[in-house]
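Please look at the sequence and the structure together before reading further. The paragraphs below then lead through the structure one region at a time.

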Amino acid sequence: MNPKSGSHRRDTHPAMGSTEMSGTGALQSAVIASDEARRALEAANAQAEYPAERLDIDAMKIAQHWDRYTAEDHEVWRTIFDKRMAQLEHSGSRVFLRGAEAIALSRDEVPRLGEVNALLTPMTGWSSHAVPGYIPARCFFAFLAKRQFPTTITVRPKSQMDYLPEPDIIHDVFGHVPLHTDPSFAEFLQIYGQAALTTDDPVHTERLARLFWFTVEFGLIHEDGRLKLYGSGLISSEGEGHHALVSPEVDRRPFDLERVCDTAFEIHHYQPILYVLDSFEQLADAMNRYAKKLLELRRVRKVAA
Ligand SMILES: [Fe+2]
């Protein structure tokens, strides 16, 4: 892990197709009831190879015991919220900024998922659900396919405010959830989940992981002739967000799905290559075409078998 980076690096990112569990540190957090979390993790691990129709995502969910957040948890949330928003006001996509407002993210305290969902679900059908840490890739995709976002609810410690290798609620809710208010992004992410569940071809699994990386995690977008941040790794990281926008060392390429899927990514340092969208409609359209291709491939393979 690179201490320079402020964004989390998921070595076992669900979109990378890994089924390795590494986020068990979350089980020790006071906001998580440990027996419930253990059961949910066991359920997720047991279903790692299940076919789509047998996956039971409800068994992987846990409660958010909001009253157990400490004064330090709220302070960490407040400090990072204020620091990031001061920059994102100018450098964040308006879709992110409007989304954060629409789900009433407040600087004052760690968000309650129930309150976020009460605002989010009527907009796009998406909702966020607490899970006990990393879940296997297929389980992650099964959530997305149902417009549900598996959400980490722990808060990083004050001593690791600038860098945490694992996701926390700041990365997952502050960084990801505001975009779920946008109809095109919402459609893209659901189709992504469905497509990822459809394929068992390792080539396409890897291509889909790259697509996730260069959009959901590290995407840039053109708005009003300016480059803006929307990927959660950039939204939640001061250092990487700034680097993405201004560094002459970054190769900023126009978004092209085939090219994105052909581009390998590196995990442990700032991204040397980034892709820039013109709109989220462009992303949803490209994803729709890719998903159709994957369905066709599966149909052809079934006929051949
Ligand atoms: Fe993420």
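**Strands and helices in turn**

In β4, the residue I221 has K228 as its bridge partner. The model is a predicted one, in which local features need pLDDT of at least 70 and side-chain atom pairs count only at pLDDT 80 or more, while totals for chains, interfaces and linings use all residues. Residues are numbered from 1 along each chain as its sequence is written. Helices (H or I, at least four residues) and strands (E, at least two) are DSSP runs, numbered from the N terminus.

Two strands pair if DSSP finds at least two bridges between them. Strand β3 (residues 220-223) and β4 are joined by 4 bridges and run antiparallel. L220 has L229 as its bridge partner in β4. The hairpin of β3 and β4 has 2 residues between the strands, and D224 in this hairpin takes a positive phi near 50°. L220 also has a bridge partner in β6, namely V276. Here β3 and strand β6 (residues 273-277) pair in the parallel sense over 2 bridges. In general, strands of a sheet pair through backbone hydrogen bonds, either parallel or antiparallel.

How many strands form the open sheet, and in what order? There are 4 strands, in the order β4-β3-β6-β5, and the pairing is mixed. The edge strands are β4 (226-229) and β5 (251-254), each of which pairs on one side only. From one strand to the next, the twist averages 40°.

Strand β1 (residues 127-130) and β2 run parallel and are joined by 4 bridges. Within this pairing, H129 stands opposite P150 in β2. Together, β1, helix α5 (residues 137-145) and β2 make a right-handed β-α-β unit. A crossover is right-handed if, with the strands pointing away from the viewer, the path from the first strand over the helix to the second runs clockwise.

In a regular strand the side chains alternate between the two faces of the sheet. In strand β2 (residues 148-151), Q148 and P150 point one way, F149 and T151 point the other way, and all are buried. A residue is buried if 20 or more other C-beta atoms lie within 10 Å of its own, exposed if 12 or fewer, and partly exposed in between, with C-beta atoms placed from the backbone. Q148 counts as buried because it has 23 C-beta neighbours inside 10 Å. Not counting residues up to four places away in sequence, Q148 touches I57, S127, H129 and F143. Such a contact requires that the C-beta atoms of two residues, placed from the backbone, lie within 7 Å. Q148 and S128 are 20 residues apart in sequence, with their C-alpha atoms 5.7 Å apart in space.

The loop between α5 and β2 contains R147. Phi of R147 is near 55°, a positive value in a residue other than glycine. R147 counts as partly exposed because it has 18 C-beta neighbours inside 10 Å. A104 lies in the loop between α3 (94-102) and α4 (113-124), and has a positive phi of about 55° although it is not a glycine.

V116 is located in helix α4. V116 is buried because 23 other C-beta atoms lie within 10 Å. Leaving aside neighbours within four places in sequence, V116 is in contact with I103, P111, S128, V173 and V177.

Helix α7 (residues 183-198) and helix α12 (residues 280-304) cross at roughly 20°, and their axes come within 9 Å. That makes α7 roughly parallel to α12, since angles under 35 degrees count as roughly parallel, over 145 as roughly antiparallel, 65 to 115 as roughly perpendicular and the rest as oblique. Axes are lines fitted to C-alpha atoms, for helices over the stretch in contact, and angles run from 0 to 180 degrees between N-to-C directions. Helix α2 (residues 71-91) and helix α10 (residues 238-246) pack at an angle of about 15°, with their axes 11 Å apart. This angle makes α2 roughly parallel to α10. K83, R84, Q87 and S91 in α2 meet E238, G241 and L245 in α10.
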